Amino acid sequence: MNLKKLLRQNYLQVLLVCAAFFLMTVIGSIYVNNILQKESLATVTATLNETEQTIRAYLREPMVAFVTIHKTVQDLLDKGESLETVRDYLVRTTGLLTTGDRHVKGLSLIYGYIRGEMVLGSDVDLGDDEYVPQRRPWFQQAIRSNEIEYTAPYIDVTTGHPIISLAQILRGRNGEYYGVLALDVTMAWLMEYAKSLQFAEGGYGMILNQYLRILAHPQERYQDVQLQELGPDYAEIAYALRTGRDVPPMIIRDYDNTRVIVFWERLYNGWHLGVVAPAAAYHSNVYLNVFWLTILGILLSFFLSYILLRLSAAKTRFEEESKSKSSFLATMSHEIRTPMNAIMGIAQIQLQKEGVPREFEDALSKIYSSSSTLLGIINDILDLSKIETGKLELNPVEYNIPSLINDTVQVNAIRIGTKEIEFTVDPDSSLPSKLFGDELRLKQILNNLLSNAIKYTDKGHVKLSISHSIVGEDVLLRFSVEDTGQGLTPDDRAKLFSEYQRFNVSANRATEGTGLGLSITKRLLEMMDGKIEVQSEYGKGSVFTVEIVQKSVPCEAIGVEISENLKKFSFSADKKDNGQMVCDIMPYGKVLIVDDVDTNLYVAQGLLAPYKLDVEIANSGFAALELIEGGEIYDIIFMDHMMPEMDGLETTQKLREFGYGGVIVALTANAIAGNAEMFRQNGFDGFISKPIDIRYMDAVLNEFVRDRHPEEAKKYKAATFAETTAAAPSAARLKLLEIFRRDAEKAVAVLKETTLSGDIKLFTITTHAMKSALANIWSQAETALEETDSGGGAPPSALRMSQAAAALEEAGRCGDMDYISANTGSFIKTLEELIERLKSADENSKGAIPVVDDDDIVEDTAYLAEHLAAIKTACENFDNTAVYKTLDLLEEKIWKTKTTEVIKSIRELVYVTSDFEEAAKLVEMTLNTFNSAGAE
């Protein structure tokens, strides 16, 4: 496979690898940067501490000397000594402290202004007569402060160099004023030392006094200026130092606009020490680290991308090799699932009828139970990806324990065949008769365990034991399957729950199975917070024990009689459990069905009819929005998933945005993995797959209608479907086929139009609608054609056409224009053929039904006029939902031929051509005819 194709297929993975190493580089750089910063900070801290100690020592010696000298001079003056004596002392002391062993670093001169005269400790020239001591910094410092403090730097008049001075007032014992004593310290050494403070190349130090004036700076022009004069960033630092706040290391613009990092330390005497380092030099090690990490990341990215592409190429080859196998599996699963739905549906329909012979009822019950179990297994195969990714979904319902045991036992008893196996069942008589949980998954677990036990046991016995215990408010259900089969070796037990794994293959070559059963069982139990334990001895048999918690339901125990019947395989469940649905009458409930296909609306209405609900319909998302905006509130809105212009997802989102908080349940023909989560995320409260299973419909109605109106529900008794359904099957079938024919005619027109216009979205929605409509009517259509067709070849199979529509829908989703171009024409032709055959069947059916003479029909003209007036108003408002609803009410009654034709024409005008104006005119003309007849 070429490199470009590999990169195109795996660009996301390659980008992920590159992003991962980029992230590694960033994180590594940040980590190393933090380490280097900590080391640098430690170095700076040590430097600052050392500098503080050095400056402290540098300034402490002159301070100590000055204190002694000040006291001595004060004593001399108190004794009345002359100024000559004081001058001699200052000269001797100055010489001693500026030279020799007692040299004090930086000290240059000791002097004073005493009794109105300057007294100097050495021969220095103070300049001309303009020298005024009282104006000098040292004198003013002494006057301002009672403490001995250093002055700010100033220029010495004798040397022209910057100095600082110590000065203090001289007072006698009685407080009399003598003058001021001072001591000068040169700044040259301190400035050189400050310049040498650097821990990165190009760095320097600066010293500030307590007033934030610069004492030492490598640039002489900045000496004796305020810190804020160095720039705006320094102004912010000066403000922080002045207010006593700590200033952390920060990056700023220096006096020459370069980026630097500054560190600050407050000294013992209130001065401030600053160390400045160029940012580039400070981060040089970090930059070097980033460079090498980047090089390493690039190399590793290329290496791992190469490995990834090699693995992808191998994976692609494997997928291509298994593609045909997977395609076959999916196709066969779908082909099996479709007739299984039909088998279950027929069994359900027959079980609803009253008066079914007992033997037929038992047979149908077993067919239904076995089909239900088989369909569950097929669904697992069809949704294999869902199983492998752990996205199985649970559907807990209230179920009957004896029926669950009986259904499972009956199915597996057949598997024994001619084997010499004694199959026994031992249910505890104290078992609750009902529990709440996922009955289908429980059956699947039991079927897997029992089928394996029977499969790998040639003779002996297989025993199913069922018991329970109470855990708080729940019930711990325990199933144990014991067999005398082959057993497991220690190696087999270690890989027992692996997928596609079979055991003792050489001895079991003729044994059927996929190897998925126990793996699925384990995953299901993990989802349901259950567990499975295995005890096995090779050659002697195994015991599989399952424990799973189920929610309790108020009920009685199954009792001894039912327990014994289960043991004897003679248990007979109530009709409800065998498939004879018992529904709760809910005339207090109100539901809305939203679907763009009349066939689907009719089927859904038929399924809801036994419940006596107030059912309204809407054939588009727009119509549903109008009803809600008009103030209508429903217990449930059944929303079709795929509709033209505005589908079910968009309609539901708009309803939620509008503030509608009622229950919305999706109706979808795409029962695929992940749908439940997708619908929940889009505002739905649940979904039901098409074709609609009345059990799921019943559960939804019970939850969202019956259980939310408990007081109303008490007023009505439950009844079977047969008791609540009055329509004749043949009449219902003809009605359904007539509605479908109109849907099919409209679909043909749309498909022809979209084939020319290239509207792939509308094409996909239309084929989706035909797929579900054909699936809904296939058995009725073929029955009608077989009963009425006379020659002309075999009728087209609506079931095969549903599958063809599904294939075209999938092609539309994938944008496969080649497949659409090649197959749409034949599908339209076959659909048109089916329409013509249904028309013929309709005519033949009418011929077979005894004709009622118009003279024998007495029309309710007041009722007809009232409803026609309502239709006229609805047409004028372009309200197709109201039109259909009113037409349905009219079609429930028997009318003369002419009136029937008018009703049919109105429906065709609205449904087929959407010509509301012409329909309104037809209604008005009909009403005028009635009025004229009344006048005569």
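I began with the largest nonpolar core, which has 50 residues, and looked up which members touch the most other members: they are Leu 608, Leu 613, Ile 636, Phe 638, Leu 701 and Ile 871. A nonpolar core here is a set of buried Ala, Val, Leu, Ile, Met, Phe, Trp, Tyr and Cys residues joined through side-chain atoms within 4.5 Å, and buried means under 20% relative accessible area, with exposed over 50% and partly exposed in between (1.4 Å probe, protein chains only). Helix α30 (residues 916-935) gives this core its largest share, 6 residues. I also noted a second, separate core of 45 residues, which includes Leu 76, Ile 164, Leu 181 and Met 187. In soluble globular proteins, nonpolar side chains tend to be buried together.

Before going on, I wrote down that this is a predicted model, in which local features need pLDDT of at least 70 and side-chain atom pairs count only at pLDDT 80 or more, while totals for chains, interfaces and linings use all residues. Residues are numbered from 1 along each chain as its sequence is written, and side-chain values use heavy atoms, with hydrogens and water left out.

**The chain as a whole**

I counted 30 helices and 25 strands in the chain; helices (H or I, at least four residues) and strands (E, at least two) are DSSP runs, numbered from the N terminus. Of the 936 residues, 46% count as buried. Among contacts (heavy atoms within 4.5 Å) between residues at least 6 apart in sequence, 68% join residues at least 24 apart.

**Helices α27 and α28**

I returned to Ile 871 and, not counting residues up to four places away in sequence, found that Ile 871 touches Val 883, Thr 886, Leu 887, Leu 890, Ile 906 and Val 923. Next I looked up how helix α27 (residues 861-876) and helix α28 (residues 880-891) pack, and found an angle of about 165° with the axes 9 Å apart. This makes α27 roughly antiparallel to α28, where angles under 35 degrees count as roughly parallel, over 145 as roughly antiparallel, 65 to 115 as roughly perpendicular and the rest as oblique. The axes are lines fitted to C-alpha atoms, for helices over the stretch in contact, and angles run from 0 to 180 degrees between N-to-C directions.

The crossing of α27 and α28 is left-handed; a crossing has this name if the near helix is turned anticlockwise from the far one by less than a right angle, and is right-handed if clockwise. Among the residues that make the contact are Leu 864, Leu 868 and Ile 871 of α27, and Val 883, Leu 887 and Leu 890 of α28. By class, the contact of α27 with α28 has 12 nonpolar, 2 polar and no charged residues. For these classes, Ala, Val, Leu, Ile, Met, Phe, Trp, Tyr, Cys and Pro count as nonpolar, Asp, Glu, Lys and Arg as charged, and the others, Gly among them, as polar.

**Helices α17 and α18**

For a second pair I took helix α17 (residues 621-629) and helix α18 (residues 648-658), whose axes come within 10 Å and cross at roughly 15°. That makes α17 roughly parallel to α18, and their crossing is right-handed. Gly 621, Ala 624, Leu 625, Ile 628 and Glu 629 in α17 meet Thr 651, Lys 654, Leu 655 and Phe 658 in α18. The residues of this contact divide into 5 nonpolar, 2 polar and 2 charged.

**Helix α16 and two loop residues**

I found α16 mostly covered, with 8 of its 11 residues buried, including Leu 601, Val 603, Leu 607 and Leu 608. In the loop between α16 (598-608) and β21 (614-618) I found Lys 612, which has a positive phi of about 60° although it is not a glycine. Lys 612 is partly exposed, with a relative accessible area of 44%. Phi of Leu 212 is near 65°, also a positive value in a residue other than glycine, and Leu 212 is found in the loop between β7 (204-208) and β8 (214-216). Leu 212 is buried, with a relative accessible area of 4%.

**Leu 41 in helix α1**

Lastly I looked up Leu 41, which lies in helix α1 (residues 3-78) and is partly exposed, with a relative accessible area of 38%. Leaving aside neighbours within four places in sequence, Leu 41 is in contact with Pro 249 and Phe 263. The C-alpha atoms of Leu 41 and Phe 263 are separated by 8.7 Å, although these residues are 222 residues apart along the chain.
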